[in-house]
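Morning, everyone. Please have a look at the model on the screen before I start.

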Amino acid sequence: MKFIVRKISLRKWDPLPDLEDDNIQADAITIDLKTHGNALSVWGCESEENLEDVALALASAGDCLNVVDVTWVEISSLPALGIQPQKTPGDTPVSDLKDYHLNIMNLDMRRITDLAQLFAQRIRQGKKHRRFSRPEVKKLITNAVKANRLLLDDLKEKIRDAIQSELHN
Amino acid sequence: MVTYASAGGSTCFKEPNHLVGFQDPNRFVNSGKLVCQYGLAWGAGTSPRRMWEDIAMSVKKVFPDVEILSTINYESKIPSLIVTKNLSFYLRDIYHSWRKACFFSATNEADEESSRSEKHLNKESPNKAPRFAQEICSLISLQPVENGFTHPAEKILMEALANQEEDVIRWIESILEDKNPYLVASVISCLGRVTEKSHPAWAINIVGEALEHSNVAVRDAAAQVLESWETPQVLGLLSKHKEKVPWLQEYIGKIVIQLSSY
């Protein structure tokens, strides 16, 4: 896998006004890069063309349809930060995507800050973030259901209803 | 001896599976076993913020695996301590453990003082936010509104809309003036979700106003709501909006194209 991809909220990655230009909002770290057991959940992908699969994995695991913001960095840039992602099964109903999940383990304050800076640089360069709009997300899930990659029954109620009506249209 | 005491018990709310909150230590003592599946909120009206930092450290010593989430502000900027743990426990035991450990001492005198302060607060604040507003703000402070996941504040907002719509409208209009853009954006997101199918005219007006907010987070929340409503009714709002932040400008452009095709 060439990239690690993380679900974020783009609005949290704009610098705060009235501070130095390269500042990173605390919310970006404490909410968007929230760790569990000092591990950060990310998804891997081979190319930027596969970002749709990551959005599908993320959106289909939720319980309501919203936009999905993602950012990504090259896996090759991680060893310099002392970071090594490990494969762990992903929490998504799309079975063929479960193996694309990674955990970045043993994160301490320095490493999570370094990682945040790396994400912030990429996002602010303007090329390493993507927002999947709500209709795009709906279409990704609908297509996955049509292709039998995902069962309607595996979706949470609100999403299932939305996809069902999309299938009937 | 420094006496720590909670406020006079103005808030006691329970959201099944999400939150149990108390402000009065007497309620801990009197309430017996309570199942606290998500968290414990403890607030004080008259105590300095430092007190809560002390309690946070004390709780951590007594219950090492309890996660201290954050401190929050109620509508009157009352500092509060939030402790979370996904298990059931006896609140009475926690209260006595704190006392036993000399980390926390509540006296009748302090309680009376808090109670007096609270009465004063109510007397001085005739425009105190309604109960549903307090609960929504507390829940948003506890847990961020995240894309793709239902937020517990949505249920409170939906119930309030069913029972006291006028109050809700007034409150949401007033929240647009709040200094905390994080709170404003979160409330707008919740509003969008609970009115997703109906999107009444008053909600369109409020979200339209939010789209012109000075903070990008609020504008983004508003744009996402307008997209989620999937109605060409909001095209005018989006088309006339002049966005300076490139990624949001791009997103709004996309929504306009999508909605124009309906």
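I'll go through confidence, then chain A, then the interface, then chain B.

This is a predicted model: local features need pLDDT of at least 70, side-chain atom pairs count only at pLDDT 80 or more, and totals for chains, interfaces and linings use all residues. Residues are numbered from 1 along each chain as its sequence is written, and chains are lettered from A and ligands numbered from 1 in the order in which they are written.

Confidence. The predictor gives the complex an ipTM of 0.94. The pTM is 0.71. Chain B has an average pLDDT of 68; pLDDT is the predictor's confidence in each residue, from 0 to 100. In chain B, 51% of the residues score at least 70. Residues 1-48 of chain B are below 50. Beyond near neighbours in sequence, that stretch has 112 contacts in the model. A contact means that the C-beta atoms of two residues, placed from the backbone, lie within 7 Å. Residues 69-126 of chain B also stay under 50. For them the model has 118 contacts beyond four places in sequence.

Now chain A. Six strands form an open sheet, in the order β4-β5-β2-β1-β3-β6. The pairing is antiparallel. Strands here are DSSP E runs of at least two residues, helices are H or I runs of at least four, and both are numbered from the N terminus. Two strands pair if DSSP finds at least two bridges between them. Which strands stand at the edges? β4 (85-87) and β6 (129-132) of chain A. Each has a single partner strand, so one side of each is left without a neighbour in the sheet. Further in, four bridges join β2 (residues 40-45) of chain A to β5 (residues 101-104) of chain A. A:Val42 stands opposite A:Leu102 in β5(A).

Next, a helix pair in chain A. The axes of α4(A) and α5(A) (residues 157-168) come within 10 Å and cross at roughly 75°. Axes are lines fitted to C-alpha atoms, for helices over the stretch in contact, with angles from 0 to 180 degrees between N-to-C directions. That makes α4(A) roughly perpendicular to α5(A). Angles of 65 to 115 degrees count as roughly perpendicular, under 35 as roughly parallel, over 145 as roughly antiparallel, and the rest as oblique. Among the residues that meet are A:Ile141 in α4(A) and A:Ile163 in α5(A).

The interface. 17 residues of chain A are in contact with 18 residues of chain B. On the chain A side, α2 (51-59) and α4 (134-146) each give two or more residues.

Last, chain B. The axes of α5(B) (residues 131-142) and α6(B) (residues 152-163) come within 9 Å and cross at roughly 165°. These helices are therefore roughly antiparallel to each other. The α5(B) side of the contact includes B:Phe132 and B:Leu139. The α6(B) side includes B:Ile156 and B:Leu157.

Thanks. Questions, please.
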